[in-house]
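Please examine the sequence and the structure before reading on.

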Amino acid sequence: MAIQWKKSVCPYCGIGCGLMVGIEEGKVVNIHGMKEHPVNCGESCTLVHNFAPLFTDRDRLTQPMIRRNGTLLPVTWDDAIMYVAHEFHRIIREYGPGAIAFYGGAAAFNEEYYLINKLMKGYIGTNHVECTSRLCMASTAMGFISTFGADAPPTCYADIEEADLFLIAGMNMAVSLPVIFNRVCAARKAKGARTIVIDPRKTETTAIADVHLQIRPGTDVALNNALAYILLEEGFVHEEEVAHYTTGLDDLKLILKEYSPSRVARITGCTQEQIFKAAHLIGHAKAMLTFWLQGYNQSTQAVFKNNTLHNLSLLTGNFCRPGAGPLSIAGESNSLGSRWMGVQSHLLPGMRFVTNPVHRQEIADFWGIPAEKIQSTPGRSIIDIIKGLHTGEVRALWVMSSNPAASLPYTQWVTEGLEKAEFLVVQDILHPTETTVLADVILAGAQWSEKTVTLVSSERRIELAEKILEPPGMAKPDYEIICLIAGAMGFSKEFSYTSGEEVFEELKEITRGRICDMNGVSYERLRNTIGPQLPCPKTDHPGTARLFSDIRFPRPDGRAALLARDYRKLAETADDDYPFILITGRLASQFNTGTRTRRIKKLTDIEPNNFVEIHSADAQRLGIIEGDEVEMASRRGSIRCIVHIKDHVLESNVYMNLCCGNSPLSEDDKQVNFVCNTVYDAHSKQPELKCCAVKITKVASI
Ligand SMILES: Nc1nc2c(c(=O)[nH]1)N[C@H]1C(S)=C(S)[C@@H](COP(=O)(O)OP(=O)(O)OC[C@H]3O[C@@H](n4cnc5c(=O)[nH]c(N)nc54)[C@H](O)[C@@H]3O)O[C@H]1N2
Ligand SMILES: Nc1nc2c(c(=O)[nH]1)N[C@H]1C(S)=C(S)[C@@H](COP(=O)(O)OP(=O)(O)OC[C@H]3O[C@@H](n4cnc5c(=O)[nH]c(N)nc54)[C@H](O)[C@@H]3O)O[C@H]1N2
Ligand code: SF4
Ligand SMILES: [Mo]
């Protein structure tokens, strides 16, 4: 039988590569990039090439499970749903709706997240609704909102071919976003575009840098301010013009006095020459495109890092024209969609806020509920939900498409919190994971290609991921599971959807007239063509490649804000007890906590053990050689791992990835979050997952 090819979109990273999925005799036999797709033109990456075994993995969940006398046992859907509804009702009765919380992953889809918000914020009446975009893109979102008024990435990937300078900060795109990296490399070759990379490590991405600013971790705000200082000082800024479309130039100039290149060279550890070289590249660029990701977002200064980076674009007129501006690429496939569906505790669907009475009224009218039903204060962030489980203020948690027992910082504290929960529901596609083993109820979800759903990729492009094969056993699409729970809780009329398409037709109405407008889109349109970029308000609308081309921003005065932001040190700095700064990041061969990729032998063979990278001078001081086993301890806990000696990190920095997990998948191999810190940025509530202080002790030689 010949292979049948079906069009889809990638479920892993936030680029949104168009894919072709090959089916033979009811089995996925091949997945590769779609040639005709404008995002990736046929390219794709290792993760996708090795996806197919996940459809038949022996750990796929095929039916729900309930914990009885300590053991998780398979049950029918009726039993599982009735149990969940009964426990949610009991907890609401005994403690009120604020005792229930939801936590999802940003890889879940628009339809699923629209329904979760409707059920939790609308019908149950709790705003404790969060997802992993809190760990991933919350700071980008707050950076956009504070600088130009809306969480709306303004540029698109086609800008890569138009730019003559790439500023890549706190992002290792060669590993994490390889298809975009290849486009950047091709643009450098074709046009001689230049590249500045800001990263405390030498990485696969710094290999293409004209200037690599190898700063000390956490010093970005100081660096960005010094770059702005030089640009202003040397006349690269047309101040009158800039004042037309921004506010705050005078305040910014005042604060920049404190950020002379000589002082900032001392703070960052870079030379003044390097800082001047970078500033001159920016000053002379005709079109500068900026990229940033977790080296910015996962820090206590995250929003300030975003603001000061946008300052550089605004000061140099690198905004709102082809090739110029901030190109925000998200980590997870539907990160932007999840934000636009409002799956954070301060948001409502369609780029609305729970604190805004007009927004609450609009959503309440749409859902047919009294406006008072929607809480007017933001719910807890995920870190505060876990705190709530410890104090008993939160009693029940429903986890969907996420593995918080591995991905949240301070694992032992998180696990303890999840164990304290009176009722923990985990909805995943696999069991065991670090989180499913703690559940009172496990709900068996259908995964990508086993259900028809939509996502919004980082350039605001909406795409359809169609059902191509049946889910295993009795597993169900997440949207169906949500509707069953809502129905059992007494809301069957309001959640009587029979397909994802019906949910989509409802949710798109809520985006009308907004930047995320999807009203020109239908499943039919997405099935037959490449998805358009939003806003796409009408069926004959081609989509919107770039936002704010008229240089009017969605702020009250139409101007973007230049923001004066001071540098502060990392929450934990090195001291005599904990003399190293640990940096965390990613592996090309694994995805996030690795629940999916660690089950694929071809991928784990590439990097089988968890390891820590140490500078050779530090290794020598500690008497450590390549391959030794060490203990890495922070103020919170410790893990054991194998040493790789590599001068990619600065002295007194070490590096570890987050992808190699702990039990039950690899028992001796604890993951990095056992040592990481829960402290978060005050503005985005995104934790400082990237850096904390540790000490290293040798355990055994090879
Ligand atoms: N193969 C693969 N691809 C992925 C993922 C995966 O797990 N595997 N995950 C996806 C997801 S969810 C995300 S969010 C993205 C993440 O993509 P990235 O953000 O590109 O990846 P990270 O390795 O987490 O961090 C990026 C860099 O930040 C640097 N950094 C650390 N501290 C600082 C600092 O203070 N300042 C600066 N300037 N840099 C710093 C680190 O050294 C690191 O090189 O990748 C996505 N793509
Ligand atoms: N120290 C440190 N910690 C970090 C980071 C870091 O850089 N350093 N990065 C952070 C970032 S950026 C992110 S995004 C998070 C990621 O954190 P998580 O979202 O917790 O990580 P994943 O491993 O992607 O987990 C996704 C889960 O969803 C399940 N799943 C997949 N598809 C479906 C589906 O269709 N339905 C259902 N119900 N389940 C499904 C998978 O089996 C898996 O268990 O980690 C964060 N944690
Ligand atoms: S680069 Fe990202 S979107 Fe493209 S195939 Fe790989 S994981 Fe998927
Ligand atoms: Mo992420």
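In this predicted model, the C-alpha centres of domain 3 and domain 4 lie 28 Å apart. The contact between these two domains takes 19 residues from domain 3 and 23 residues from domain 4. The domain assignment of the protein chain places domain 3 at residues 144-329 and domain 4 at residues 580-698. The assignment also gives domain 1, at residues 4-55, and domain 2, which is made of the segments 65-136 and 333-497.

**Two helix pairs**

Two packed helices are described by the angle between their axes and the distance between the axes. The table lists these values for two pairs.

| Helix pair | Residues | Angle | Axis distance |
|---|---|---|---|
| α2 and α20 | 77-95 and 478-491 | about 55° | 9 Å |
| α11 and α12 | 261-268 and 272-284 | about 110° | 9 Å |

With an angle of about 110°, α11 is roughly perpendicular to α12. The crossing of α11 and α12 is right-handed. On the side of α11, the residues involved are P261, S262, V264, A265 and T268, and they meet Q272, I275 and F276 of α12. Sorted by class, this contact of α11 with α12 comprises five nonpolar and three polar residues, with no charged residues.

How are α2 and α20 oriented to each other? The angle between them is about 55°, and the two helices are therefore oblique to each other. The crossing of α2 and α20 is also described as right-handed. From α2, the contact draws on W77, I81, M82, V84, A85, F88, H89 and I92, while α20 supplies I481, L484, I485, A488 and M489. The contact of α2 with α20 has 12 nonpolar residues, one polar residue and no charged residues.

**The surroundings of ligand 3**

Which residues surround ligand 3? The shell consists of C10, Y12, C13, I15, G16, C17, S44, C45, V48, P178 and V179. By class, the shell around ligand 3 divides into nine nonpolar and two polar residues, and no charged residue is present in it.

**Backbone features in loops**

Most residues other than glycine have a negative phi, and most peptide bonds are trans.

The peptide bond from H431 to P432 is cis, and its omega is near 5°. P432 is located in the loop between β17 (423-428) and β18 (441-444). A cis peptide bond also joins L534 and P535, with omega of about 5°. P535 is found in the loop between α22 (523-528) and β21 (560-561).

C41, a residue other than glycine, has a positive phi, near 40°. This residue, C41, belongs to the loop between β3 (27-33) and α1 (46-49).

Key:
Residues numbered from 1 in each chain as written. Chains lettered and ligands numbered in written order. Predicted model: local features only at pLDDT ≥ 70, side-chain atom pairs only at ≥ 80, totals over all residues. Heavy atoms only, no water. Near = heavy atom within 4 Å. Nonpolar A, V, L, I, M, F, W, Y, C, P; charged D, E, K, R; others polar. Axes fitted to C-alpha atoms, helices over the stretch in contact; angles between N-to-C directions. Helix = DSSP H or I, 4+ residues; strand = E, 2+ residues; numbered from the N terminus. Parallel < 35°, antiparallel > 145°, perpendicular 65-115°, else oblique. Left-handed = near helix turned anticlockwise from the far one by under 90°. Contact = heavy atoms within 4.5 Å. Domains from an automatic or database assignment.
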